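Please keep the sequence and the structure in view while reading.

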Amino acid sequence: MMNEGAVVSRKGEEGATVAISGSASIGESIGDSIRVPPASSLDIHGQQGQAGQKRLGSRANGSSIGLRLLPWLAGTLFLTLWQFRVFHQLFSLESYQLPVPWAIAASIRENAEMLFRYALYSGTEMLGGFLLGSLLGALAAAGASFFPTSGRAAVAVMSALNAVPIVALAPIMNNWFGDGIWSRIAVVAVITMAAMAVSLFKGLTSIQPQYSDLMGGLAASRMQVFVKLRWPHALPSLFAGLKINMSTSIIGAIVGEFFIASQGLGYLLSDQIRLANMPLAWSCIVIAAALGIVLYEVVVLAEKRLIPWNRARTDP
C-alpha cells in the first residue's frame, strides 16, 4: 500500500511538473508573438513616418505654389504674345486696331491724371448702384421669404429685369433722372437688384425640413426663424449675389456712360474710339477691368473674413 501511494504521489508530482512546464512554454510562445520591439526600432519607424509626412507636405506645398503661379504665368505668356504681335498675325489686325501692351502702358502714363479722375467718377457710379441694388434686392428677398408661395412669384417677376438690355435701359434712366450721375447709379441698381433677389431668396428658402421642424417644435416665431436659421444659412448665397453684382456693375456704369454723360471711363472710351485714338481707348478698358477686379477681390476677402466656414468647405 505504501508503495502504491508513493507511486501515485510521484505521478501526481510529475503531472504537476509537466503542467507547469507546459504552461511556461505556452506563456513563452505567447510572449514571443507579442514581444514589443526595442526602442531603437520604434525610433526608426517613427523617423520614417515623419520623413514620409514631410515629403507629402513638401509635395503638397509645391503643388499649391504651382497652382498659384499658373495664372501669373498664363497672363505673362498672353501679354508676351500680344506684345510681339502674334495675335495681329492670327487675326489680320493692324497696330491701330489693336495696340500692343507697351503702347497702352505709355498712354496710361501720359494720361494718368485724367484717367484717375474719370475712374473715380465711374467707380462712384458703380459702387453707388452696387450698394443700392444689392440692398433693394436683399430686402425684396427677405420680405418674400416670409411668404414663400407669393414671394417666389414676385422674385420671378423681378428676375425678368435681367432680360432687359442695358442699352435699352440706359436711355430710359437718362430720361428719368437726367444726365447726372444718378442715371448711371439707377442703371447699375436695376441690373444688380434682380440678381441679389434671386440668389438670396434661394438661400433663405432652401432649408432642410428637419431644421424647420425643430424650430417649430421650439415654438419659434417667424422672425426668430429668420434670424437664427434662415439668415445664417443664406450668407453664402448673399455673397454669391454680391460677387455677381460686382462683376456686372462695372458693365452697367460703362454702358450707361455711352449715352448722355460728360465724364467717366465709358464717356472717354466712346469719345476716343470716334477719334481713332485706340491706345487711350484701350487704356480706359484696362483701367475699368482693373477696377472691377480689385473690387471683386474686396468682396471675396470680406467673404473669407465673415463666413470662413463656407470657404473652408468649398476650397479644394
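Helices H10 and H12 pack at an angle of about 165°, with their axes 10 Å apart; axes here are lines fitted to C-alpha atoms, for helices over the stretch in contact, and angles run from 0 to 180 degrees between N-to-C directions. Because angles over 145 degrees count as roughly antiparallel, under 35 as roughly parallel, 65 to 115 as roughly perpendicular and the rest as oblique, H10 and H12 are roughly antiparallel to each other. Helices are DSSP runs (H or I, at least four residues), numbered from the N terminus. The model is a predicted one, in which local features need pLDDT of at least 70 and side-chain atom pairs count only at pLDDT 80 or more, while totals for chains, interfaces and linings use all residues. Residues are numbered from 1 along each chain as its sequence is written, and side-chain values use heavy atoms, with hydrogens and water left out.

Contact means heavy atoms within 4.5 Å, and the residues that H10 brings to its contact with H12 include Phe 239, Leu 242 and Met 246, while those of H12 include Leu 291, Leu 295 and Val 299. A second pair is formed by helix H9 (residues 209–217) and H10, where Tyr 211, Ser 212 and Met 215 in H9 meet Gln 224, Val 225, Lys 228 and Leu 229 in H10. H9 and H10 are oblique to each other. The table sets out the two pairs.

| Pair | Angle | Distance between axes |
|---|---|---|
| H10 and H12 | about 165° | 10 Å |
| H9 and H10 | about 135° | 11 Å |

The largest nonpolar core has 35 residues, and those with the most contacts inside it are Leu 200, Leu 242 and Leu 265. Such a core is a set of buried Ala, Val, Leu, Ile, Met, Phe, Trp, Tyr and Cys residues joined through side-chain atoms within 4.5 Å, where buried means under 20% relative accessible area, exposed over 50% and partly exposed in between (1.4 Å probe, protein chains only). Helices H5 (112–145), H8 (181–205), H10 (222–257), H11 (265–274) and H12 (278–306) each give two or more residues to this core, and H10 gives the most, with ten residues.

In H11, the buried residues are Leu 265, Gly 266, Leu 268, Leu 269, Ser 270 and Gln 272, and what covers them includes H5, H10 and H12. Just after H11, Ala 276 takes a positive phi of about 60°.
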